[in-house]
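Open the model in your viewer and keep the selection tool at hand. The tour goes from one selection to the next and says what is there.

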Amino acid sequence: MENKLLSRILFGFVAIIFVVSIYFFIGMSVNGHPDSYKADQMGIELVDQGEATTANFMEKGVEARDKKVKSIEATILNGIGFMQILLWIAGVLMVLFLVISTVMNAINNPKKAIPSGIFIGITVITFIYAFANSGSDTKGFSGVTPEVMSTTNFWVSGFMLILIVGGVIFAVSLLWDIIKGFAK
């Protein structure tokens with residue numbers, strides 16, 4: 001497979017995620033924030049529409065507000081779920097194409113496969129490190145479940161390791177290039 005195909009597929013996913021993000025941003029802007037819904041005002045509107053009486057307008061207003069808030073939350077959660085699926089597909093495709101291109105380069109020109117092999121090695125080490133450090137201790141955090149803490153620790157540990165290793169590789173590469181430049 002060519003890099004053009006990978007680029008086109010990943011661009012398609014990014015475009016879809018961008019459009020969906022804009023859609024949900026506009027939807028939230030138009031629908032307002034749940035705090036902006038006032039139960040008494042919604043109850044009065046229901047009285048005007050004949051769906052509530054002056055005796056029960058407050059209960060009906062609370063029900064209408066809760067229904068609207070649940071609708072907004074469901075829309076947000078659906079969007080988040082959709083984007084997570086797209087990101088997982090994009091991530092799997094990136095890893096798949098990285099491995100395929102590394103193997104193809106290793107067969108044709110092993111020297112060109114070294115950077116990709118190093119990246120794959122760093123990624124594997126990162127996931128092992130992140131998995132080992134994904135503790136689930138929730139001491140000091142209220143309302144956080146051990147599963148959420150473990151998942152958060154996993155991704156934060158992995159991200160930090162990638163930043164540290166990437167920064168070290170960048171610094172070494174930069175110093176190496178400076179030394180080579182002065183040596184000429």
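**Stop 1: a leucine on α5**

Select Leu 163, which is partly exposed because its relative accessible area of 45% falls between the 20% and 50% cut-offs. Keep in mind that this is a predicted model. Leu 163 is part of helix α5, residues 146-183.

Together with Leu 163 they make a nonpolar surface patch of about 660 Å².

**Stop 2**

Select residues 146-183 to show all of helix α5. How far apart are the end C-alpha atoms of α5? They are 55 Å apart. At 1.5 Å a residue, the 38 residues should span 56 Å, so the two values agree.

Next, pick out the buried residues of this helix: Met 149, Phe 154, Ser 157, Gly 158 and Leu 161. Helix α4 is included in what covers them.

**Stop 2: across to α4**

Select Tyr 129, found in helix α4, residues 110-132. Is Tyr 129 buried or partly exposed? Its relative accessible area is 40%, so Tyr 129 counts as partly exposed.

Which residues does Tyr 129 touch, leaving out those up to four places away in sequence? The contacts are Ser 157 and Leu 161, both of which are on the list of buried residues of α5. Draw a C-alpha to C-alpha distance from Tyr 129 to Leu 161: the value is 8.1 Å, although the two are 32 residues apart in sequence.

**Stop 3**

**Stop 4: a charged pair**

Finish with Arg 65 and Asp 66. Side chains of opposite charge can pair when their charged atoms come close. Here the two side chains meet in a salt bridge, with 3.5 Å from N to O. The count for the model is 1 salt bridge. Arg 65 is partly exposed, with a relative accessible area of 26%, and Asp 66 is also partly exposed, at 33%.

How values were computed
Residues are numbered from 1 along each chain as its sequence is written. This is a predicted model: local features need pLDDT of at least 70, side-chain atom pairs count only at pLDDT 80 or more; totals for chains, interfaces and linings use all residues. Side-chain values use heavy atoms; hydrogens and water are left out. Patches are made of residues with over 30% relative accessible area and no salt bridge: like charges are joined within 9 Å, nonpolar side chains (Val, Leu, Ile, Met, Phe, Trp, Tyr) within 5 Å. Accessible areas come from the Shrake-Rupley method with a 1.4 Å probe; for residues, only the protein chains shown count as cover. A salt bridge is a side-chain nitrogen of Lys or Arg within 4 Å of a carboxyl oxygen of Asp or Glu. Helices (H or I, at least four residues) and strands (E, at least two) are DSSP runs, numbered from the N terminus. Buried means under 20% relative accessible area, exposed over 50%, partly exposed in between (1.4 Å probe, protein chains only). Contact means heavy atoms within 4.5 Å. The expected span of a helix is 1.5 Å times one less than its number of residues.
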